[in-house]
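Please look through the sequence and the structure shown here, and keep both at hand while reading the report that follows.

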Amino acid sequence: MTSDTGPTRIEPDARAARRAFLVAALRRPATVGAVAPSSPRLGAVLASVVPRCGSPVVVELGPGTGAVSAVIATKLPAGARHLAVELDSDMVAFLRRTRPELEVVPGNAADLGALLALRGVTSVDAVICGLPWALFDDATQTALLGEISRAIGATGAFTTFAYLHGMTLGAARRFRRTLRETFDEVLVTATVWRNLPPAFVYVCRRPHAVPRADG
């Protein structure tokens, strides 16, 4: 099948994606904080910071089965680079099989700087994150945000999401406070009701201070 803009890629079977997601969630409940892949509506809000021109570098953290990856792909201009850092080996295999256009990077987001350096990436235009922040302790959150801050520098953008039902919990309030301590600009979007469960997105820019990778 083709369109005016070239070949139309057939999306991977939704049931296969959901099955892969559930297997990963059951195998590693401590690192999968969602009950279902992100909806296209949530993906569109997360991907709103993707540059539409030039040759941007976009990094996705915790892509899972690639639900948000698919939305990002529709926004990327020719010549862009889209890297997806995924810890789960089965998810890595699934992404490589179903999304061959995606540059899948096996590894831990806590090592983001080193993973990017190995691939010749020195700066990033956008980091789009699906990591389960609520499952991380304060030290892990701070370390991850430091890696993200170094990646986007003064000109990039960072988006991540949280579930509406958890926003009043202490952990959620602490994470929001940490974001505001880390970035000069932290915007909170309207609730995306067409997601399971409903969620909202944090859009962050301009880290207050970009820490050195060596501490």
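## A right-handed unit

In this predicted model, strand β6 (residues 126-129), helix α6 (residues 138-152) and strand β7 (residues 157-163) form a β-α-β unit that is right-handed. The two strands of this unit, β6 and β7, pair in the parallel sense over four bridges, and within that pairing A126 stands opposite A157 of β7.

The helix of the unit, α6, is made of 15 residues and spans 21 Å from its first C-alpha to its last, which is close to the 21 Å expected at 1.5 Å a residue. Its buried residues are Q141, L144, L145, G146, E147, I148, S149, A151 and I152, and just after the helix G153 takes a positive phi of about 55°.

## Strand β7 and its other partner

How many of the seven residues of β7 are buried? Six of them are, so this strand is largely enclosed by the rest of the structure. Besides its parallel pairing with β6, β7 pairs with strand β9 (residues 199-207) in the antiparallel sense, over seven bridges, and there Y163 stands opposite A199 of β9.

The chain passes from β3 through helix α3 (residues 67-75) to β4 in a β-α-β crossover that is right-handed. β3 also runs parallel to β6, to which four bridges join it, and in β6 the bridge partner of E60 is I128.

In soluble globular proteins, nonpolar side chains tend to be buried together. The largest nonpolar core of this model has 29 residues, of which V59, L61, V127, F158 and L179 touch the most other members.

Which residues are in contact with F158, leaving aside its neighbours within four places in sequence? They are V127, C129, W133, L145, I148, I152, L179, F183, Y202, V203 and C204.

## A residue in helix α5

L116 has its place in helix α5. Is L116 buried or exposed? Its relative accessible area is 7%, and because the cut-off for a buried residue is under 20%, L116 counts as buried.

If residues up to four places away in sequence are not counted, L116 touches V59, L83, V121, V124 and A151. L116 and V105 are eleven residues apart in sequence, and in space they are 8.9 Å apart, C-alpha to C-alpha.

Note on methods
Residues numbered from 1 in each chain as written. Predicted model: local features only at pLDDT ≥ 70, side-chain atom pairs only at ≥ 80, totals over all residues. Heavy atoms only, no water. Buried < 20%, exposed > 50% of the residue type's maximum accessible area, 1.4 Å probe, protein only. Pairing = 2+ DSSP bridges. Right-handed = clockwise from strand over helix to strand, strands pointing away. Core = buried A, V, L, I, M, F, W, Y, C linked by side-chain atoms within 4.5 Å. Contact = heavy atoms within 4.5 Å. Expected span 1.5 Å × (residues − 1).
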